Amino acid sequence: QILCYYIVIIHCSCYVLIRLSIMAEKPVSEVLKTYKLAVSSGSCSGVFWRGDPFTNSKPKNNENWPKNGSILKGYQYLCKGENWLKVTEIQQVGTSGFQNVAEDNKWMGYDGGASNGGKWLHDI
């Protein structure tokens, strides 16, 4: 979804109309999604956190990055034609219980592409 804003700038009796388009950051649905992270190809042991695809801001930190087999919970977003998970909780493989990461700006793409491990997030 794209929001459009119009700005009128008035200077010395002249005006300019500027149109700004901003991607609206709104989840595809309000349903909390749960996925297993597993790099489909290659030898990667997991995937580092991604930043916000709408603003390009980085995650708060890259601590506790998800290893293969970890469970991620979050909300699905669509940005520039690609699906993204805004992660709210993680359960690392081999541990019990979830860790809250909702305030850490941690995102995960659904697919890394053929050259970057293939599909990352798998339905469970």
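The side chains of Asp 104 and Lys 60 form a salt bridge, with a nitrogen-to-oxygen distance of 3.8 Å; the term denotes a side-chain nitrogen of Lys or Arg within 4 Å of a carboxyl oxygen of Asp or Glu. The structure, a predicted model, contains 1 such salt bridge. The pair links distant parts of the chain, 44 residues apart. Asp 104 lies in the loop between strand E6 (99-100) and strand E7 (107-109), whereas Lys 60 lies in the loop between strand E3 (33-37) and strand E4 (71-79). Strands (E, at least two residues) are DSSP runs numbered from the N terminus. Side chains of opposite charge can pair when their charged atoms come close.

The two partners may also be described by relative accessible area, for which buried means under 20%, exposed over 50%, and partly exposed in between (1.4 Å probe, protein chains only). Asp 104 is buried, at 14% relative accessibility, while Lys 60 is exposed, at 62%.

Most residues other than glycine have a negative phi. Asn 64, in the loop between E3 and E4, has a positive phi of about 60° although it is not a glycine. Asn 64 is partly exposed, with a relative accessible area of 25%. In the loop between E6 and E7, Asn 105 likewise has a positive phi, near 55°.

Residues are numbered from 1 along each chain as its sequence is written, and side-chain values use heavy atoms, with hydrogens and water left out. In this predicted model, local features need pLDDT of at least 70 and side-chain atom pairs count only at pLDDT 80 or more, whereas totals for chains, interfaces and linings use all residues.

Conventions: Helix = DSSP H or I, 4+ residues; strand = E, 2+ residues; numbered from the N terminus.
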